[in-house]
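The sequence and the model come first.

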Amino acid sequence: GRQDSYFVSGGICMIHPNGDMEISTPECVNIQDIDPNNVRDGLAKAKDKMSKATEEKDKLEAEIEIETYETLEKCLGAGAQ
């Protein structure tokens, strides 16, 4: 059958005894809908934000952005195979 790949920011998954699966997530994007150029640019901006951050809150926000963009890059690389 058809197989699609999605980037999911978080959530929960339940697999029922009959094999049915339910996924609940606040955000889900088809990998094919993600522009690799936007991911690369976003990662560069997040790294720049991290290098300029002086407050702990700003550093943590930049760290989350960097981790998200790096994960997106990995997903895009896996989707290209």
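The paragraphs below start with the overall fold and then turn to single residues.

This is a predicted model, in which local features need pLDDT of at least 70 and side-chain atom pairs count only at pLDDT 80 or more, while totals for chains, interfaces and linings use all residues. Residues are numbered from 1 along each chain as its sequence is written, and side-chain values use heavy atoms, with hydrogens and water left out.

The protein has two helices and four strands; helices (H or I, at least four residues) and strands (E, at least two) are DSSP runs, numbered from the N terminus. Along the sequence the pattern reads β-β-β-β-α-α. The radius of gyration is 16 Å, well over the 12 Å that the globule rule gives for 81 residues, so the protein is more spread out than a compact globule. Here the radius of gyration is taken over C-alpha atoms, and the globule rule is 2.2 Å times the number of residues to the power 0.38. The C-alpha trace spans about 50 × 25 × 15 Å along its principal axes.

Of the 81 residues, 16% are buried; buried means under 20% relative accessible area, exposed means over 50%, and partly exposed lies in between (1.4 Å probe, protein chains only). A contact means heavy atoms within 4.5 Å. Among contacts between residues at least 6 apart in sequence, 38% join residues at least 24 apart.

Strand 2 (residues 12-15) and strand 3 (residues 21-24) run antiparallel and are joined by four bridges. Two strands count as paired if DSSP finds at least two bridges between them. In this pairing M14 stands opposite E22 of strand 3. The hairpin has five residues between the two strands, and G19 takes a positive phi near 95° there.

Which residues make up the largest nonpolar core? The six are F7, I31, I34, V39, L72 and L76. A nonpolar core is a set of buried Ala, Val, Leu, Ile, Met, Phe, Trp, Tyr and Cys residues joined through side-chain atoms within 4.5 Å. In soluble globular proteins, nonpolar side chains tend to be buried together. Leaving aside neighbours within four places in sequence, I31 is in contact with S5, Y6, F7, C75 and L76. D33 is found in the loop between strand 4 (28-30) and helix 1 (36-52). D33 counts as exposed because its relative accessibility is 61%. From D33 to F7 the C-alpha distance is 10.0 Å, and the two are 26 residues apart in sequence.

How many disulfides are there? The count is zero, where a disulfide is a pair of cysteine sulfur atoms within 2.5 Å. For C13, the closest cysteine sulfur is that of C28, 12 Å away, which is too far for a bond. For C75, the closest cysteine sulfur is also in C28, at 11 Å, again too far for a bond. C13 is partly exposed at 45% relative accessibility, and C75 is partly exposed at 24%.

The whole structure has four salt bridges. A salt bridge is a side-chain nitrogen of Lys or Arg within 4 Å of a carboxyl oxygen of Asp or Glu. One of them joins D4 to R2, with the closest N and O atoms 2.6 Å apart. R2 is exposed, with a relative accessible area of 75%, whereas D4 is partly exposed at 32%.

Another salt bridge joins the side chains of E65 and K49, at 2.7 Å from N to O. E65 lies in helix 2 (residues 56-79) and K49 in helix 1, so the pair ties together parts that are 16 residues apart in sequence. E65 is partly exposed at 27%, and K49 is partly exposed at 32%.

K57 and E61 also meet in a salt bridge, at 2.8 Å from N to O. Both lie in helix 2, four residues apart, about one turn of the helix. K57 counts as exposed at 54% relative accessibility, and E61 as partly exposed at 31%.

K59 lies in helix 2 as well. Leaving aside neighbours within four places in sequence, K59 is in contact with M50, A53 and T54. K59 is partly exposed, with a relative accessible area of 32%.
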